[in-house]
Amino acid sequence: MASYLSMGEAHRRITEYLNRFADAVSYQDGKSLGRLLSISSDSPVLLSLADALNTFQDANRVIRQSDKYSQYEDILVPIFRALQSYRLKNLAESYIAFEKASNAFIQEFRNWDSAWALEALYVLAYEIRILAERADVELASMGKSPEKLKGAGSFLMKVFGVLAVKGPKRVGALYVTCQLFKVYFKLGTVHLCRSVIRSIETAKIFDFEEFPERDKVTYMYYTGRLEVYNENLQAADQKLSYALAHCHASKEENIRMILKFLIPVKLSIGIFPKAILLEKFHLDEYSDIVLALKRGDLHLLRQALQEHDDRFLRSGVYLVLEKLELQVYRRLVKKIYIIQKQKDPNKAHQIKLDVIVKALKWLQFNMDVDEVECIMSILIYRNLMKGYFAHKNKVVVLSKQDPFPKLSTRPVG
């Protein structure tokens, strides 16, 4: 519960906020202006202002009495309403008021020649998403349709349009794009990312290197995830590797999020993470998968996929990991090849299908010769092994030169 406030103290807090707002605009201080708009931050200044607004019910009159404040009435009145509602935990009402204030802010932003207010615009873009998410949780709990996040997406597209112009404001477009990605991923409408990606990557007004490093990392992370979903693993590798290389070392949670998607991609091209990396970033779900690939243990791979299937399915990497079975078969055949080479180097390249069947049986997998032949055909077709079949003798004849090509040229699958 908020402590008792006198009318005089409430009036003082409201006036102090209004002065700060007007001064931030007057001195073109985008960072200070942004702090005044950050409703979800629960900052002491905004919490005390919200209590003042709920005590002093005529704040709108204070705004209209002074030209210094009234010129920003269309922003300030709904901002006050959003703050009041947020403090009273009426989240849907808070979102509606904040969206109204944000639309008014955008109109002002269009008229400002320089890009001084970008920091404040970033806060608006972030807040509109966060407030929408929280409002939708509230609406769903009341049995109502959770529709605010969809509305936030429409607003952010409008903001993107404002920034997609020649001039210094365009550097803000990537931040807004990343907020849009977060909205679309949350809603499960990732196909909507395509149009904004096309704008960023093909419009002549944008130079990717001009964007802030933070935004480039986030952009590459989300577009990398999209490539994983679309099974474009080479592109996913490039984008996620960029995100990892440019992510600040102190942002360990962000690094962990990137690795969650980059590790499956790297595994598909035969690059294994070190155990210390998995331990440091709490990615133990990949430990047995890596071990299975190294051993050629199909049973362990399937066991690991089953144990963590819910996590892998939610993150969208299950299908990538499932395709690693081909690598496990390849590793198994390679092990047999190495053992035979130690016994008889001249015949090491000739592997009877019966031997592979017995090895799989030892790993608790019952397959007949025809099934094994089918798998070997796929391995040869995918260039995971070089060789051919001697069908009459049921033998895989491996190439004497480089029978197991390196995987790092392209993903398996």
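Buried, in this talk, means under 20% relative accessible area; exposed means over 50%, and partly exposed lies in between, with a 1.4 Å probe and protein chains only. On that scale, 49% of the 413 residues in the protein chain are buried.

A word on the source. This is a predicted model, where local features need pLDDT of at least 70, side-chain atom pairs count only at pLDDT 80 or more, and totals for chains, interfaces and linings use all residues. Residues are numbered from 1 along each chain as its sequence is written, and side-chain values use heavy atoms, with hydrogens and water left out.

Now the overall picture. The protein chain has 22 helices and 3 strands. Those are DSSP runs numbered from the N terminus: H or I of at least four residues for helices, E of at least two for strands. The radius of gyration is 29 Å, well over the 22 Å that the globule rule gives for 413 residues, so the chain is more spread out than a compact globule. That radius is taken over C-alpha atoms, and the rule is 2.2 Å times the number of residues to the power 0.38. Along the principal axes, the C-alpha trace spans about 95 × 45 × 35 Å.

Contacts next, meaning heavy atoms within 4.5 Å. Take those with a separation of 6 or more: 62% are between residues 24 or more positions apart. As for surface, the chain exposes about 21,200 Å², and carbon and sulfur atoms supply 50% of that. The areas are Shrake-Rupley, with a 1.4 Å probe; for residues, only the protein chains shown count as cover.

On to pockets. We use a 1 Å grid over the protein atoms alone: a cavity is a set of points where a 1.4 Å probe fits but cannot get out, a pocket is an open set with protein on both sides within 12 Å along at least five of seven lines, and lining residues have an atom within 4 Å of a point. Points are joined across faces, edges and corners, and a volume is the space filled by probe spheres set on them.

The largest pocket holds about 670 Å³. Its lining has 29 residues, with Tyr175, Lys182, Arg214, Thr218 and Asn254 nearest the centre. Two or more residues each come from α2 (30-37), α8 (118-141), α10 (173-187), α12 (213-229) and α14 (252-268). Which element gives the most to this lining? α12, with 7 residues. By class, the lining splits into 12 nonpolar, 8 polar and 9 charged. Here Ala, Val, Leu, Ile, Met, Phe, Trp, Tyr, Cys and Pro are nonpolar, Asp, Glu, Lys and Arg are charged, and the others, Gly among them, are polar.

The second largest pocket has about 290 Å³. Of its 15 lining residues, Tyr221, Arg225, Met257, Lys260 and Phe261 lie nearest the centre. α8, α10, α12, α14 and α18 (309-315) each give two or more. The largest share, 4 residues, is from α14. The classes are 5 nonpolar, 1 polar and 9 charged.

There is 1 cavity of 30 Å³ or more. The largest cavity has about 40 Å³. Both α3 (44-55) and α6 (73-87) supply at least two of its lining residues.

Last, backbone. Most residues other than glycine have a negative phi. Lys89 has a positive one, near 60 degrees. Lys89 sits in the loop between α6 and α7 (91-111), and is exposed at 65%. Lys394 also has a positive phi, about 55 degrees. Lys394 lies between β2 (387-390) and β3 (395-398), partly exposed at 35%.
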